[in-house]
Amino acid sequence: MILMPYLLAGLTPDWTDLIGAFVDAGADAVEVGLPFSDPVADGPTMQEANAAALARGARPAALLRELPAAPVPIYVSTYANLVQPPDFLDRVAASGARGVVVPDLPVDASATHRAASRERGLHTPLLVAPSTPDDRLRRIAAASTGFLYAVSAMRTTGERASVAAAGIALARRARAVSKVPVLVGFGVSTPDQALALSRHADGVIIGSALMRRVLDGAGVAEVAGLVADVRRALDKASTDKASTDRVRETDPA
Amino acid sequence: MFRTLGADYGGAYLPEALVPAAEAVAAAFIEAWPDPAFRAEYADLLATYAGRPTPLTTCRRLSAELGVRVLLKREDLAHTGSHKINNVLGQALLARRMGRTRLIAETGAGQHGVATATAAALFGMGCTVYMGHTDIARQAPNVFRMELLGAELVPVGGRGTLKDAVNAALRAWVSEVDTTHYCVGSVIGPYPYPWMVREFQRVVGDEARAQCGPTLPDVVVACVGGGSNAAGTFAAFLDTPARLVGVEAAGGAALTNGRPGILHGFRSRFLQDDDGQIREAESISAGLDYPGVGPEHAMLADTGRARYTTATDAAALDAVHRLCRTEGILPALESAHALAWVLAAAGTDELPAGSTVLVTLSGRGDKDIDQIREAS
């Protein structure tokens, strides 16, 4: 199981330390968000985080320059308006990140972005949602590179009490057609939820639960503690059933 | 049509979860709009419920003072007090046709919220309106009207204006796409909304053109926030020699001061900083307090078919007083921006003496009386 924690760049002065701490806690990849003024796919926690980072004076170009080298793949994520300028992808490529996730750039509007990313050797993971019909899901999966981001519920980002059945159903549908690993995010916030998904997806993305801790003043170690907890739960489950698991290539390229 | 406009304006830049919902709206509108039964029911509602056609008023005293003939298209006299009802009745009919049982809407000045709450009451639908807390404070009469009409009002944080209200409505729509129609209030949002709302508002322009008779106006003027009353008005005059003028609030002038960007599901021009962070608009008029503009206006600006200019808060307030005193009509602060342009341009090369100008008076100013009193 791939574990991809998320952090919002620029939220705290020591945000870059979180990347190393996540890796030490067992992250297989890290999603690094760049703050945007109007994060329409995000729930209250991430809205607060985006506003706080911008209030601190966070600027995307500077954040990309500060992005540290990491032993695992880093994916940048931010909204379409920040991705538009022609030099944005150059900056992402120069940062060492593997690609960009753009939650408000659906497949139909992404051809230019995908071509420009491909030219720069960047992946373009696309998103699918429970409302995505099968034929469209196939089209998105075919265009998605690096990984396929499955949105677990018909909601904005945020912590939830449980993983919706719709999320599991989507992960199964996505996995049936995807040639790249299917990672489930939006509302995955506890080890139990990650476990519930482990049978049906190739990995999980945890964001709001981590950023909630940062916003509440938790230090780097405490925030990364949740990543370690999820890692332990996933590893235990995979040891328990390793012999029966089908073998899959699950590295996010 | 309208899926993309010149320079790729328009489009549908949405979180994936909302894409099928927007496509369903597009498919339903494409099927409904040419359907004579749909059109007949819509026309009947406009005539028997909304009070259309609204009159075209010749401003006798103001025209004499300015030396130009000023015609007002009186959307202030439509039911609920603005042009917003035209769009909302169309979308409510569409929502019912799609089997939706609830309407959600964003609102700035509250005119679109009131119109949506009205249509929801008329159709027996549930209704939730998202409104920024700043706008709630400055548009108290409309807040109460919405509640009186049975709508649930959800205050929205951030700076608490129209931009935040649209964000909140889009976020809410994700979790109720199966039951709920998002009734977007202007020619903004993802495809098909800019086109659909323009089509529902073109009745303003079509009526005005017919009411003008054989003498077409030399200039057609409307205020522009998102730009729905202007889009509906301009639509009927695009094929005439009339010059088209859109007037934005000086503090929310996406066409004058903005650059291309993507927000709220569409590509157009937006006020934004060098990084692409959307800037806050600043206007006395809650309805024009929007950092973007409908994609069709961005296209009309690029092609030069329409010209876009600005009016300050002070000029809009002056125009309110002037129209009250000369014609006995209290315009909405939004509409007063269009009038302010006429007052400033009359007698200049832009609006020479003896010419005829058609102004869309998009709404009445009753909602603004507290603000006007405080600012005067």
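Residues are numbered from 1 along each chain as its sequence is written, and chains are lettered from A in the order in which they are written. Because the model is predicted, local features need pLDDT of at least 70, while totals for chains, interfaces and linings use all residues.

**Between the domains of chain B**

- In chain B, 37 residues of domain 1 are in contact with 40 residues of domain 2, where contact means that the C-beta atoms of two residues, placed from the backbone, lie within 7 Å.
- By class, the side of domain 1 of chain B that touches domain 2 of chain B has 17 nonpolar, 14 polar and six charged residues; Ala, Val, Leu, Ile, Met, Phe, Trp, Tyr, Cys and Pro count as nonpolar, Asp, Glu, Lys and Arg as charged, and the others, Gly among them, as polar.

**Between the chains**

- Chain A brings 29 residues into contact with 23 residues of chain B.
- The side of chain A that touches chain B divides into 18 nonpolar, six polar and five charged residues.

**Chain A itself**

- Along its principal axes, the C-alpha trace of chain A spans about 50 × 40 × 30 Å.
- Among contacts in chain A between residues at least 6 apart in sequence, 69% join residues at least 24 apart.

Note on methods
Predicted model: local features only at pLDDT ≥ 70, side-chain atom pairs only at ≥ 80, totals over all residues.
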